[in-house]
Amino acid sequence: MIATSLDLDAVRAFVQIVELGSFTRAAEALQMTQAAVSLKLKRLEDRVGFRLVERTPRYVELSAQGNAFLEHARALLDAHDRALSVFSGTRQRLTIGISDHVAGPELPALISRMNAQDPDLVIEIRIGSSGDLIQRYERREFDTVIVRQHLGGTDGQILAEETLGWFAAPSWQPRANEPLPLATLAEPCGVRALAGKLLDEAAVPWTEVFVGGGVAAVAAAVMAGLGVAALAPRMLPFGAVDIGSKLGLPALPSLPIVLHTRVKSQRATDTLIALSAAFKAAARG
């Protein structure tokens, strides 16, 4: 039996080590030295009487006791932070990463829906590529991500299936005996890689004529007549035309839009339910 109360700073250090997967990153997050973080963990382990983390040169791994303790440690910190928020006015924060290929013109309406669900919840949204967002989610930099599920992926909650097309400006015309000019997002972009792979497999010559830092930039290049882009119809201004069948380009598959989340609090869960419902409605058009 534990004779005295737990040191909350030590508990927080333990949770950070686990969530960030590194003593170094935990030290950076807690703004202390790695030696101080290690000392806090050791004192916590001494207090509970078990080794909580198995240390290896390349990564950290929970022990059986650490795995059992983790959920209670998070709950303890959550309760502590909620208690302090009564006096400090601290508001709960929900961090969401949304793929640039997913965050379309409906984003303001989605944010409005979340705010209406819980006006006191601080919502932080970052836009990026699906691959980058998934990696950052696995590093626990986000509570939730909404991304395109690339072929072969199976996990996550599917919000919608969305078909891509080969879009160009109404006035755009291909040039005889020249490669297909493509406007794309910068690497790493799963849709970019997929489009190139399908064109190569169909033996369609192509060349990259524009690389955008976001889907809005790619859509602008398309409407400016620079070339063709593989995008969802809702991401383009009215008037863009799908020229895939006209040019005999390979069919683009439907790609699921997937939500990944580790949110457990009821407030944040309710907000995500509202977001999911709004997104499904927007994707259905």
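Helices (DSSP runs of H or I, at least four residues) and strands (runs of E, at least two) are numbered from the N terminus. The model is predicted: local features need pLDDT of at least 70 and side-chain atom pairs count only at pLDDT 80 or more, while totals for chains, interfaces and linings use all residues. Residues are numbered from 1 along each chain as its sequence is written, and side-chain values use heavy atoms, with hydrogens and water left out.

**View 1. A mixed, open sheet of five strands.**
The strand order is S4-S3-S5-S12-S6, with mixed pairing. Two strands count as paired if DSSP finds at least two bridges between them. Strand S4 (122-128) and strand S6 (157-163) are the edge strands, and each pairs on one side only. From one strand to the next, the twist averages 15 degrees. Axes here are lines fitted to C-alpha atoms, for helices over the stretch in contact, and angles between N-to-C directions run from 0 to 180 degrees.

**View 2**
Strand S3 (residues 93-99) runs parallel to S4, and seven bridges join the two. Ser-99 in this view faces Gly-128 of S4. Helix H6 (residues 130-138) packs on the sheet and touches S3, S4, strand S5 (144-148) and strand S12 (254-261). The direction of H6 makes about 150 degrees with that of S5. Contact means heavy atoms within 4.5 Å. Helix H5 (residues 107-117) lies across S3 and S4, at about 155 degrees to S4.

**View 3. The surroundings of Arg-93.**
Arg-93 belongs to strand S3. Leaving out residues up to four places away in sequence, Arg-93 touches Leu-121, Val-122, Glu-124 and Asp-143. Ala-268 is 175 residues from Arg-93 along the chain, yet their C-alpha atoms are separated by 8.4 Å.

**View 4. The parallel pair S8 and S9.**
Strand S9 (residues 206-212) runs parallel to S8, joined by six bridges. Leu-182 has Glu-208 in S9 as its bridge partner. The path from S8 to S9 goes through H7, and this β-α-β crossover is right-handed. That is, with the strands pointing away from the viewer, the path from the first strand over the helix to the second runs clockwise.

**View 5. The largest cavity.**
The count comes to one cavity of 30 Å³ or more. The largest cavity holds about 90 Å³ of space. Of its 13 lining residues, those closest to the centre are Ala-183, Thr-184, Leu-185, Arg-192 and Ala-230. Strand S8 (180-185), helix H7 (190-201) and strand S10 (229-231) each give two or more residues to the lining. S8 gives the most, four residues. By class, the lining has 10 nonpolar residues, two polar and one charged. On a 1 Å grid over the protein atoms alone, a cavity is a set of points where a 1.4 Å probe fits but cannot get out; a pocket is an open set with protein on both sides within 12 Å along at least five of seven lines; lining residues have an atom within 4 Å of a point.

**View 6. The second largest pocket.**
This pocket holds about 260 Å³ of space. A volume is the space filled by probe spheres set on the grid points, which are joined across faces, edges and corners. Residues of the lining include Trp-172, Arg-175, Glu-178, Val-204, Thr-207 and Leu-249. Four prolines also line the pocket: Pro-174, Pro-179, Pro-181 and Pro-205. The lining divides into eight nonpolar, two polar and two charged residues. Ala, Val, Leu, Ile, Met, Phe, Trp, Tyr, Cys and Pro count as nonpolar; Asp, Glu, Lys and Arg as charged; the others, Gly among them, as polar.

**View 7. An antiparallel sheet of three strands.**
The order is S10-S7-S11 in this open sheet. S10 and strand S11 (241-242) are at the edges with a single partner strand each, so one side of each has no neighbour in the sheet. Helix H8 (residues 215-223) packs on the sheet, touching S7 and S10, and its direction makes about 130 degrees with that of S10. Two bridges pair strand S7 (residues 165-168) with S11. Ala-168 is opposite Val-241 in S11.
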